[in-house]
Amino acid sequence: DRYSYIPKVNAIITATASPHTILTAEKMPQRDRPLCIIDLAVPPDVDKSVYNLPQVTVVDVDELNTLSAGNLERRLCLAQQAEVIIDSKLEELERWIFQNKVDTAIESMNRRCSEIAEDTEQFLFNKLQLSEREKKLVAKMIESSLRRLVREPILRLKKLDDEGKQEEYIAVVRELFNFE
């Protein structure tokens with residue numbers, strides 16, 4: 001009865017141990033919609049004449065092997081491309097981690113400069129009678145002077161590319177500026 005069910009299905013999968021074909025073009029009913037046949041049998045269950053029928057696509061073991069080999073080749077190529085991307089991103093991450101150590105030290109230096117500036121401003125403003133405009137000018141000058149003082153060490157820290165030296169410099173900066 002297999003041929004009577006063919007008009008009702010969209011796909012057929014065959015995997016018999018039959019010594020002869022079980023689907024032939026002569027017995028196949030006409031179709032007005034696509035039919036996919038996957039023939040997993042060895043020897044094949046589907047006669048070669050079925051391959052040429054309109055609306056019918058047959059995929060056999062040999063084609064699956066070819067597709068599989070092509071897909072494997074494509075996956076290997078994609079894996080190599082992925083490795084290049086991963087290596088690049090790892091290098092980028094390592095640079096970021098390396099730079100992040102420096103950024104933390106720089107942030108601490110800038111924070112310490114701001115603390116010193118605030119302390120100095122408070123001291124001066126308590127001793128001197130200044131207008132708001134004069135206070136802003138003094139605050140700006142103090143902040144600017146402290147930023148100029150740490151500018152060169154910051155630039156040197158940013159230029160470091162030797163991790164050992166970087167650690168050494170960061171330790172010195174931590175000790176000199178007395179921060180964690």
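Visitor: In this predicted model, how far apart in helix H3 are lysine 135 and glutamate 132?

Guide: Lysine 135 and glutamate 132 are three residues apart in helix H3, so about one helical turn separates them. Side chains of opposite charge can pair when their charged atoms come close. Here the two side chains meet in a salt bridge, 3.8 Å from N to O.

Visitor: Is lysine 135 exposed or partly exposed, and which is glutamate 132?

Guide: Lysine 135 has a relative accessible area of 24% and is therefore partly exposed. Glutamate 132, at 55%, is exposed.

Visitor: How many salt bridges does a search of the whole structure find?

Guide: Seven. Among them, arginine 147 pairs with glutamate 143, the closest N and O atoms being 2.7 Å apart. Those two are four residues apart in helix H3, so they too lie about one helical turn apart. Arginine 111 and glutamate 107 form another, at 3.3 Å, and they are four residues apart in helix H2.

Visitor: Where do negative charges gather on the surface?

Guide: Glu83, Asp87, Glu91 and Glu94 form a patch of negative charge there. Glutamate 94 sits in helix H2, residues 61-127, and counts as exposed because its relative accessibility is 54%.

Visitor: Which residues have the most contacts inside the largest nonpolar core?

Guide: Met109, Val150, Leu157, Val173 and Phe177 do, in a core of 16 residues. H2, H3 and helix H4 (163-177) each supply at least two residues of this core. H2 gives the most, with six residues.

Conventions: Residues are numbered from 1 along each chain as its sequence is written. This is a predicted model: local features need pLDDT of at least 70, side-chain atom pairs count only at pLDDT 80 or more; totals for chains, interfaces and linings use all residues. Side-chain values use heavy atoms; hydrogens and water are left out. Patches are made of residues with over 30% relative accessible area and no salt bridge: like charges are joined within 9 Å, nonpolar side chains (Val, Leu, Ile, Met, Phe, Trp, Tyr) within 5 Å. Accessible areas come from the Shrake-Rupley method with a 1.4 Å probe; for residues, only the protein chains shown count as cover. A salt bridge is a side-chain nitrogen of Lys or Arg within 4 Å of a carboxyl oxygen of Asp or Glu. Lys and Arg count as positive and Asp and Glu as negative; His and the chain ends are not counted. The place of a charge is taken as NZ of Lys, CZ of Arg, CG of Asp or CD of Glu. Buried means under 20% relative accessible area, exposed over 50%, partly exposed in between (1.4 Å probe, protein chains only). A nonpolar core is a set of buried Ala, Val, Leu, Ile, Met, Phe, Trp, Tyr and Cys residues joined through side-chain atoms within 4.5 Å.
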